[in-house]
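Below are some questions and answers on how two chains meet. Please look over the sequence and the structure before reading on.

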2 protein chains.
Amino acid sequence: TIVALIKEHFSQERPLAGKKVLVTAGPTRERIDPVRYLSNFSSGKMGYAIAGEAAKLGADVTLVTGPSALPIPPNVQAVSVESAQEMLEAVLSRYDSVDAVIKTAAVADYRPKTVHGEKMKKQADELVIELERTTDILKTLGMRKRQQVLVGFAAETTNVAEYAAGKLESKNLDMIVANDVTKAGAGFGTDTNIVTMYKRDGTSIPLPMLSKQEVARSLLAEVQGLLNGGHV
Amino acid sequence: TIVALIKEHFSQERPLAGKKVLVTAGPTRERIDPVRYLSNFSSGKMGYAIAGEAAKLGADVTLVTGPSALPIPPNVQAVSVESAQEMLEAVLSRYDSVDAVIKTAAVADYRPKTVHGEKMKKQADELVIELERTTDILKTLGMRKRQQVLVGFAAETTNVAEYAAGKLESKNLDMIVANDVTKAGAGFGTDTNIVTMYKRDGTSIPLPMLSKQEVARSLLAEVQGLLNGGHV
């Protein structure tokens, strides 16, 4: 029928229509006192690109984002957070209702044990900041996984492949996207990325240097496959 | 004569013509490893406003700036730096030739003792970062002061007035601009500021809540006076 043909046409152009995709992006900031914080060099570009491309493919996209100077892509619902704890809460409160989570955020692994209420004065020549672990968001999601396709990123500087494979297993992910942030054209702040996608079935897909938009499209094609086919 | 009248007219509109003004702005970032850093919430707005207004008043303006998302104001020469050490070097190399330095930058007081060449893995439940003092840029400038008018900022959360007076003396400044960053409408990231200017002659000038542009103009009027009159 004509209706079926039209439906097929639109489903090809909007293959993620009807799917709820949650993307996390950017760095987190962990406060030391009212003016100082710990953070990292994540610009948010990879996550914002994925959120924007997923929306173009028809998905219902929520972008949980740490501090970033980037504009929110069209048709994306943004939730701004600052710390790892705020990001955890924002993601968990939405987790049950989503079909896929793509975690690009560079979440702080450690936060200061004590957050000083007043600006710390400079007195001593030396100072130590005591840190404690934050909750591992991806691992938490992996443990609670039901229908969700779960995709992680690994920004490493050494033994990228080995580390990615371990993380895929230990965090119960469906796919991990690994990059070596020390390579020119890969990683934080750049407009391009060089990644390898590792899937739970043992296959790996190395991509050449691509724009972050192109990486996003390749990644979302895999996510689409995982959403339609079986995944662990 | 007509020439004298024209000269007077233009000198009123461009009272800082012929003066070299160096402004520092923004936060610094102190690297912990290739992806993590320590920083602070300075947006750079106050310093960028001063640089822009000083250029409008005819000054030859150099803006030494830490990481900031703000656009460089027209007719301002910008020098981008990341760490406290880079800012120190950028300022010192220009210090001898300038007439005034206005230090709004929120320079890190401490930096990690060790910068790891590779991304630190999360292993232990707890971690300490050992910090050491950075060089106090303003104090260094105060010790080496000759012709320069030296203006500092104090972003404090307690005992603002007392701390400002002490800093004025100990760092050999001509003026210090103090604000309480805990007040609504003052401090980091806001478009307004509430400051008191303390001068070396014992006078203090409290300003109401003003836009950072208006604060910049009030401050530069005082700097103009210090450049023309005697200063310590």
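Q: Which residue of chain A forms a salt bridge with B:Asp109?
A: This is a predicted model, in which local features need pLDDT of at least 70, side-chain atom pairs count only at pLDDT 80 or more, and totals for chains, interfaces and linings use all residues. Residues are numbered from 1 along each chain as its sequence is written, and side-chain values use heavy atoms, leaving out hydrogens and water. A salt bridge here is a side-chain nitrogen of Lys or Arg within 4 Å of a carboxyl oxygen of Asp or Glu. For B:Asp109 the closest N and O atoms are 2.5 Å apart, and the partner is A:Arg36.

Q: How many salt bridges does the rule find across the interface of chain B and chain A?
A: The pair B:Asp109 and A:Arg36 forms a salt bridge. Across the interface of chain B and chain A, the number found is four.

Q: Which strand gives the most to the side of chain B that touches chain A?
A: Strands are DSSP runs of E, at least two residues long, numbered from the N terminus. E3 (36–40), E8 (126–133) and E9 (149–156) of chain B each supply at least two residues of that side. With eight residues, the one that gives the most is E8(B).

Q: Which residue in E3(B) stands opposite A:Tyr37?
A: Strand E3 of chain A, residues 36–40, runs antiparallel to E3(B), and five bridges join them. Strands pair if DSSP finds at least two bridges between them. Opposite A:Tyr37 stands B:Ser39.

Notes. Chains are lettered from A and ligands numbered from 1 in the order in which they are written. Helices (H or I, at least four residues) and strands (E, at least two) are DSSP runs, numbered from the N terminus.
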